[in-house]
Amino acid sequence: MYHAVGHRPADGAYGLSVSPGAFRTQMEILARRGFTPLTAAALGGSWRTGRPLPPRPVLITFDDGYEGVHRHALPVLAEHGFAATVFVTTGWLRGAHDEGGAPDTMLDWGQVRELAATGVEIGGHSHTHPQLDQLDEATLREETVRCREIVTAELDTPPVSFAYPYGYSTRRVRRSVRAAGFAQSLAVGNALARRRQGPYALERVTVRRGTGAAEFARLVEGRSVARTFAVDRALTKGFAVVRGARRVRRGVGGSGPG
């Protein structure tokens, strides 16, 4: 799971960004080790139909829709012939649907169309990037449905994959994403995606500014994942308790996080 790719991202995006050089090195590691990148749609389709996955499958995903994905990541992906999925927050992208509040320079819709034309899958990431599990039913539906409608209108193709803002979801949120028309959705979890997680709770591993080449190689091989993200996972459990308490206080329905 990537976010911004750039030399000097804004402070709000820096920690979850990678430099263009680091991204190039990481893609070279995948190529040397024989990984086969595929889109979230392709993974979901394989698991639904029983079609075999390619050798050493891996998802390369980008959340939010930062401009550097087009500027810096796309040329590297094209060099290797790598598939990828970009999950866009439609209200943050530059253009007619911009609601403001984006943490850095984001893609415009022309760039999104260029990404799609190269084979990059464009998925949804809500409209304004809220904490979906904290929303009432009507607002939750608006965030998922509007996102899908805007991507469909701009690309003439409905998106089929979704990623939860902040990685959080509940059964209620997952039901809403499914009802909006998405066929699969990705969380964070900082663990490898497994079929048993179900199509609406697939987990990913976070790549950060401080992720070195050796650590990246271990993570994509599935080694030391639990140890690397032990603190993150402990914090996530703590946040889940807090978020559940907030939902109860605010009277927002739904079951526990997943």
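This is a predicted model: local features need pLDDT of at least 70, side-chain atom pairs count only at pLDDT 80 or more; totals for chains, interfaces and linings use all residues.

Student: What makes Ser46 count as buried?

Tutor: Its relative accessibility is 6%, and buried means under 20%, so Ser46 qualifies. You'll find Ser46 in helix α3.

Student: Which residues does Ser46 touch, leaving aside its neighbours within four places in sequence?

Tutor: Arg51, Pro52 and Leu53. Contact here means heavy atoms within 4.5 Å.

Student: And Ser169, buried or exposed?

Tutor: Buried: the relative accessible area of Ser169 is 2%, and the cut-off is under 20%. Ser169 sits in the loop between β6 (161-163) and α7 (171-179). In space, the C-alpha atoms of Ser169 and Ala187 are 7.5 Å apart, though 18 residues separate the two in sequence.

Student: How do you know that β3 and β4 pair?

Tutor: Count the bridges. Pairing takes at least two, and 4 of them join β3 (residues 61-64) to β4, so the two strands are paired. They run parallel, and Asp64 stands opposite Val88 in β4.

Student: Which way do the residues of β4 point?

Tutor: Thr85 and Phe87 point one way, Val86 and Val88 the other, and all are buried. In a regular strand, side chains alternate between the two faces of the sheet.

Student: What lines the second largest pocket?

Tutor: A set of 31 residues, with Pro57, Val58, Leu59, Leu192 and Ala193 nearest the centre. The pocket's volume is about 620 Å³. Elements that each supply at least two lining residues include α2 (20-32), α3 (40-49) and β2 (57-59), along with β8 (202-204) and α8 (213-220).

Student: How does that lining divide into nonpolar, polar and charged?

Tutor: There are 23 nonpolar, 2 polar and 6 charged residues.

Student: What is the mean pLDDT of the protein?

Tutor: The mean is 91, on a scale from 0 to 100, and 88% of the residues reach 70 or more.

Notes:
Residues are numbered from 1 along each chain as its sequence is written. Side-chain values use heavy atoms; hydrogens and water are left out. pLDDT is the predictor's confidence in each residue, from 0 to 100. On a 1 Å grid over the protein atoms alone, a cavity is a set of points where a 1.4 Å probe fits but cannot get out, and a pocket is an open set with protein on both sides within 12 Å along at least five of seven lines; lining residues have an atom within 4 Å of a point. Grid points are joined across faces, edges and corners, and a volume is the space filled by probe spheres set on the points. Ala, Val, Leu, Ile, Met, Phe, Trp, Tyr, Cys and Pro count as nonpolar, Asp, Glu, Lys and Arg as charged, and the others, Gly among them, as polar. Buried means under 20% relative accessible area, exposed over 50%, partly exposed in between (1.4 Å probe, protein chains only).
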